[in-house]
Amino acid sequence: MSDISLPRVQHIIGSGIVAAVGIWVAYVSYTQQPSEAFLFPRLIATVFVLLAIWTFAKACLGWTKVGNGISARQLRNLAPGLIIALIYIFWAAKGLGFYTATSIAFFILLSLYDPAPHGVLKSWLKRIIITACFMAVMYGLFALLLKVYTPREIYF
């Protein structure tokens, strides 16, 4: 493995993790009940896992242009978002409900990565409005347009 560059190894590991998550999500969508509630997630998960496996295979075979890889600084910049995503996936979405947890996670991520100053009231109002608009679109898409099941726990 000494002849494989670090960026390529990073790409293989990253695409392998994404493929594994895709397989897990697809498995869950095919095994959960009621099966009608998981029809839309099953379709999305199937497409997702096929693309993820294709990307992983391309990375393993060296058919992907991988660039320079992820630097330590870029990883430090991504880490807060990854931590929020993991909390959302493994606890918040089920514990707080889909819409409540999504609103909180989106607002936190927007606040973390928005370059607008944090000491200005106008930037906070903008973040609140963007979060409200995002959630209105999410609700309209899932509940009204697609009429699909969303996890309903404590709040929504």
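A search of the whole structure finds 0 disulfides, a disulfide being a pair of cysteine sulfur atoms within 2.5 Å. This is a predicted model, in which local features need pLDDT of at least 70 and side-chain atom pairs count only at pLDDT 80 or more, whereas totals for chains, interfaces and linings use all residues. Residues are numbered from 1 along each chain as its sequence is written, and side-chain values use heavy atoms, with hydrogens and water left out.

**Cysteines**
- Cys 60 is partly exposed at a relative accessible area of 35%, and Cys 133 is also partly exposed, at 47% (buried is under 20%, exposed over 50%, partly exposed in between, with a 1.4 Å probe and protein chains only).

**Helices α3 and α4**
- The axes of α3 (residues 72–96) and α4 (residues 98–113) come within 9 Å and cross at roughly 170°, where axes are lines fitted to C-alpha atoms over the stretch in contact and angles run from 0 to 180 degrees between N-to-C directions; helices are DSSP runs of H or I of at least four residues, numbered from the N terminus.
- The two helices, α3 and α4, are therefore roughly antiparallel, the term for angles over 145 degrees.

**Nonpolar core**
- Of the 13 residues in the largest nonpolar core, Tyr 88, Phe 98, Tyr 99, Ala 101, Met 138 and Phe 142 touch the most other members; such a core is a set of buried Ala, Val, Leu, Ile, Met, Phe, Trp, Tyr and Cys residues joined through side-chain atoms within 4.5 Å.
- Two or more residues of this core come from each of α3, α4 and α5 (121–145), and α3 gives the most, with 5 residues.

Definitions and conventions: Parallel < 35°, antiparallel > 145°, perpendicular 65-115°, else oblique.
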